[in-house]
Amino acid sequence: MWNVIGEEGDTVALPLRIYMFDDNMTQVDAAVLCVMYYTGTFAELALHPPDTLSFRFFGGIVWRMVLLSEQEFAFPFLSDPSGVSRAFKFFRHFRVEDKPLRAKSHDNSSLPGKRSA
């Protein structure tokens, strides 16, 4: 688990940063997964050929990162699920998707907000 203890003894949530580089090591895309006051544990990383990774990080969610064969249009601030942020631009080279796990009767760990299809 990747957490940092702050000066007051509180746990500080660390974001998960995802970067994509081209053949010349120039950054072409980036995304950050983070929600204030949520701590995350990076777990269950799996490769789903040919273009998808899945993992768990926070909020009872299975996250998927899909590499795109071509850049696609994306509305800034609206095209990504809650908890995902990117620099202001209209194109992306990978998509981050979320899928809530089935809720247990006493589990309220999922995040409020929109969910991707």
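Over the face of which residue does R86 lie, and at what distance from the ring centre?

Modeller: R86 lies over the face of F94, at 4.7 Å from the ring centre; a charge counts as sitting over a ring if NZ of Lys or CZ of Arg is within 6 Å of the ring centre and within 35 degrees of the ring normal. This is a predicted model, in which local features need pLDDT of at least 70 and side-chain atom pairs count only at pLDDT 80 or more, while totals for chains, interfaces and linings use all residues. Residues are numbered from 1 along each chain as its sequence is written, and side-chain values use heavy atoms, with hydrogens and water left out.

The side chain of R86 also makes a polar contact with the side chain of D80, at 2.8 Å. Such a contact is a pair of N or O atoms within 3.5 Å; within protein, one must be able to donate a hydrogen and the other to accept it, and residues adjacent in sequence count only if both atoms are side-chain atoms. The D80 side chain has a further polar contact, with the side chain of R92 at 3.1 Å. D80 is found in the loop between β7 (61-73) and β8 (84-85), strands being DSSP runs (E, at least two residues) numbered from the N terminus. With a relative accessible area of 12%, D80 is buried (under 20%; exposed is over 50% and partly exposed in between, with a 1.4 Å probe and protein chains only).

As for the rings, the whole structure holds 9 aromatic pairs. Rings of Phe, Tyr and Trp (its six-membered ring) pair if their centres lie within 6.5 Å; planes under 30 degrees apart are stacked, over 60 edge-to-face, and the rest tilted. F73 and F90 form a stacked pair, 6.1 Å centre to centre with 10 degrees between the planes. F73 lies in strand β7 and F90 in the loop between β8 and β9, so this pair ties together parts 17 residues apart in sequence. F73 also pairs edge-to-face with F91, at 6.0 Å centre to centre and 85 degrees between the planes. F91 is in strand β9, so here the parts tied together are 18 residues apart in sequence. F73, F90 and F91 belong to a cluster linked by ring pairs, which also includes F75, F77 and F88.

Notes:
Helix = DSSP H or I, 4+ residues; strand = E, 2+ residues; numbered from the N terminus.
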